[in-house]
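Subject: Structure handover

Hello,

Here is the structure I promised to pass on. Please open it alongside this note, and my findings follow below.

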Amino acid sequence: MSDIHIRLLHPADASAYRSLRLRGLREHPDAFTSSYEEDAQQPVSSAETRLASTRTTFWGAFRGNELYGIVGLEREPRAKNRHKATVVGMYVAPEASGQRLGVKLLEALVAQARTEGLEALVLTVTEGNEAAQRLYERAGFRSFGIEPRAIKVDGRYYAKNHMLLQLESA
């Protein structure tokens, strides 16, 4: 997998994006706020619209034409919050693990956030997802609180660790 490249996703990537996203939602229902059942009902055109948005940008990790990883940057619409953005939808296919795709995707996202002059990035990671938490900590994210019972999946509650990466000193 040494020939992996990271690039922005475009509406033409909607089918591959939707497919990988649904896979992540199905395989790891506790890792996402969105659910497989709800998102599977949405047509490909919903993914096209999401990838065409000026408020949200997604990157993909590709080997040839095959998409193996995704991550998004969701900008705040309100003036008082525009100094920060949220990292969303991170997923790397298990067959691509160990290739540093998560690191490379985050590097691309953070570089874009800095270029845009964003001051901070926030995200949540499900408590107990140690691999994801280590990835974010290595990228410089720090926990600023745990939200107990943040999501409920199949009758079970999961806490979310809220994390922050300060891009610019206050």
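Which are the buried residues of helix 1? They are Ala14, Tyr17, Leu20, Arg21, Leu22, Gly24 and Leu25. Before going further, please keep in mind that this is a predicted model.

**Helix 1**

Helix 1 covers residues 14-27. It has 14 residues and reaches 20 Å from its first C-alpha to its last. That is close to the 20 Å expected at 1.5 Å a residue. Its buried residues pack against helix 2 (36-40), helix 3 (44-52), strand 2, strand 3 and strand 4. An α-helix has 3.6 residues a turn, so residues three or four places apart point the same way.

7 strands form an open sheet, and their order is 1-2-3-4-5-7-6. The pairing is mixed. Strand 1 (4-8) and strand 6 (142-153) are the edge strands, and each pairs on one side only. From one strand to the next, the twist averages 25°.

Helix 4 (residues 101-115) runs at about 35° to strand 3. Helix 4 lies across strand 1, strand 2, strand 3, strand 4, strand 5 (120-126) and strand 7.

**Strand pairs**

- Strand 3 and strand 4 are antiparallel, with 6 bridges. Leucine 73 stands opposite valine 87 in strand 4.
- Strand 4 and strand 5 run parallel, joined by 3 bridges. Threonine 86 has valine 122 in strand 5 as its bridge partner. The chain gets from strand 4 to strand 5 through helix 4, and this β-α-β crossover is right-handed.
- Strand 6 and strand 7 (residues 156-166) run antiparallel, joined by 8 bridges. Glutamate 147 has lysine 160 in strand 7 as its bridge partner.

Strand 4 is mostly covered, with 7 of its 9 residues buried.

**Two residues to look at**

Arginine 75 is in strand 3. Is arginine 75 buried or exposed? Arginine 75 counts as buried because its relative accessible area is 14%, and the cut-off for buried is under 20%. The side chains of arginine 75 and glutamate 116 are joined by a polar contact of 2.7 Å. Not counting residues up to four places away in sequence, arginine 75 touches Thr54, Arg55, Thr56, Thr57, Ala85, Gln112 and Glu116.

Valine 125 lies in strand 5. What is its relative accessible area? The value for valine 125 is 3%, so this residue is buried as well. Which residues does valine 125 touch, not counting those up to four places away in sequence? They are Ala132, Gln133, Tyr136, Ala159, Lys160, Asn161 and Met163. One of these, Lys160, is also the bridge partner of glutamate 147. Leucine 106 is 19 residues from valine 125 in sequence. In space the two are 14 Å apart, C-alpha to C-alpha.

Over to you.

Best wishes

Note on methods. Residues numbered from 1 in each chain as written. Predicted model: local features only at pLDDT ≥ 70, side-chain atom pairs only at ≥ 80, totals over all residues. Heavy atoms only, no water. Pairing = 2+ DSSP bridges. Helix = DSSP H or I, 4+ residues; strand = E, 2+ residues; numbered from the N terminus. Axes fitted to C-alpha atoms, helices over the stretch in contact; angles between N-to-C directions. Contact = heavy atoms within 4.5 Å. Buried < 20%, exposed > 50% of the residue type's maximum accessible area, 1.4 Å probe, protein only. Polar contact = N/O pair within 3.5 Å; in protein donor to acceptor, adjacent residues only side chain to side chain. Expected span 1.5 Å × (residues − 1). Right-handed = clockwise from strand over helix to strand, strands pointing away.
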